[in-house]
Amino acid sequence: MPIDAARALAADPRQGDIGWDHKDIQLYHLGLGAGLPATDPDELRYTLESKLHVLPSFATVAGAGMAMMGGLAAPGIDVNLAHVLHGGQSIELHRPIPVKGKATSSAKVAALYDKGKAAVIVLRTEVADADGPLWTSDAQIFVRGEGGFGGERGPSVKEERPGRAPDRVEERHIREDQALLYRLSGDWNPLHADPEFAKLAGFDKPILHGLCSYGMTLKAVVDTALGGDVSRVRAYRTRFAGIVFPGETLRIRMWQEPGRVLMSVTAVERDDAPVLADTVVEHA
């Protein structure tokens with residue numbers, strides 16, 4: 001059996017050192033579409049080193065490659081990467097991410113769920129620096145054809161939207177070159193750049209990274225519902241429900257409740273096709 005749940009869950013965490021500085025932060029923000037208009041004071045917080053703050057979703061690219069590939073190479077995990085999909089993502093912030101940092105990343109398989117015809121692997125990454133914990137990140141990895149090993153089905157994460165119109169609706173255009181810029185932060189999958197590879201995967205053209213949509217959505221929430229204050233974000237989670245192409249537009253519907261913002265994210269040009277679902281920002 002390609003997945004040995006007991007062995008995978010018992011394996012020691014994979015540890016490594018990670019580091020970043022203002023250039024990594026600025027590149028990540030630019031990959032999310034920050035900097036338009038270029039001289040807007042609100043945008044300079046994402047692009048100018050003297051005014052820089054860090055969008056919390058940066059946690060998904062700070063050492064993310066090590067965590068993701070390390071988890072899929074863990075003892076007890078032997079899967080075909082062609083059958084792997086990023087099903088969901090969550091981050092919990094223990095304190096604001098500094099503009100420059102050195103930290104230790106510890107990644108492990110935190111849970112394995114049996115969906116019958118598929119398996120869900122939860123890869124958890126704990127990151128801490130000399131001052132203590134910084135963030136905890138969970139990537140939910142959906143692996144087709146690897147269910148049936150007798151594990152638990154796992155919890156439901158469905159978020160019921162309020163029965164009222166959204167409190168805010170924001171639209172964010174995706175530039176034609178945005179996936180090419182975003183991939184410089186560490187996700188080199190040719191699906192997001194190579195038209196021939198995208199066609200082999202069943203798409204007419206390259207698609208945008210799901211984690212780019214994830215970051216764009218958080219930026220929209222911070223800039224509007226949270227008054228531009230990244231330090232208010234406590235946690236952020238989503239389920240990847242569909243794709244979006246460079247050149248399209250994200251429509252972000254927000255429902256504000258005490259201590260949190262619920263969202264649905266769709267692709268405007270394709271009749272509001274789902275992109276992100278069950279999406280929540282918890283905040284101070």
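I count two strands as paired if DSSP finds at least two bridges between them. Helices (H or I, at least four residues) and strands (E, at least two) are DSSP runs, numbered from the N terminus.

**Ground rules.** I'm working on a predicted model, where local features need pLDDT of at least 70, side-chain atom pairs count only at pLDDT 80 or more, and totals for chains, interfaces and linings use all residues. Residues are numbered from 1 along each chain as its sequence is written, and side-chain values use heavy atoms, with hydrogens and water left out.

**The sheet.** I traced an open sheet of 10 strands with antiparallel pairing, in the order E1-E3-E4-E5-E2-E7-E10-E9-E8-E6. Which strands stand at the edges? They are E1 (14–20) and E6 (168–173); each has a single partner strand, so one side of each is left without a neighbour in the sheet. Angles here run from 0 to 180 degrees between N-to-C directions, with axes as lines fitted to C-alpha atoms, for helices over the stretch in contact.

**Pairs, one by one.** I began with E4 (residues 118–129) and E5 (residues 132–144), an antiparallel pair joined by 12 bridges. A hairpin of 2 residues takes E4 into E5, and Leu123 has Ala139 in E5 as its bridge partner.

Next I went to E2 (84–93). E2 and E5 run antiparallel with 9 bridges between them; Val84 faces Val143 in E5, and Ile91 stands opposite Ser137 in E5. E2 is also joined to E7, again antiparallel, by 5 bridges, with Gly88 opposite Arg239 in E7.

Then I followed E7 (residues 233–240) to E10 (residues 273–283): 6 bridges, antiparallel. Ala235 is set opposite Glu282 in E10.

**Helix H7.** What does helix H7 lie across? I found H7 (residues 210–224) across E2, E6, E7, E8 (249–257), E9 (260–267) and E10, running at about 140° to E7. Contact means heavy atoms within 4.5 Å.

**Salt bridges.** My rule is a side-chain nitrogen of Lys or Arg within 4 Å of a carboxyl oxygen of Asp or Glu. How many salt bridges does that give? The count comes to 18. One I looked up joins Lys219 to Glu43, with the closest N and O atoms 2.9 Å apart. This pair links distant parts of the chain, since Lys219 sits in helix H7 and Glu43 in helix H3 (residues 41–47), 176 residues apart.

**Second largest pocket.** I noted a space of about 240 Å³ here. Of its 17 lining residues, Glu159, Arg161, Ser264, Ala277 and Asp278 are the closest to the centre. E9 and E10 are the elements that give two or more residues to the lining. The lining divides into 7 nonpolar, 3 polar and 7 charged residues.

For the record, a pocket is an open set of points on a 1 Å grid over the protein atoms alone, where a 1.4 Å probe fits, with protein on both sides within 12 Å along at least five of seven lines; lining residues have an atom within 4 Å of a point. Its volume is the space filled by probe spheres set on the points. Asp, Glu, Lys and Arg count as charged, Ala, Val, Leu, Ile, Met, Phe, Trp, Tyr, Cys and Pro as nonpolar, and the others, Gly among them, as polar.

Is the peptide bond from Leu36 to Pro37 cis or trans? I have it as cis, with omega near -5°; Pro37 belongs to the loop between helix H2 (22–31) and H3. I also noted Asp271, a residue other than glycine with a positive phi, near 55°. Asp271 is in the loop between E9 and E10.
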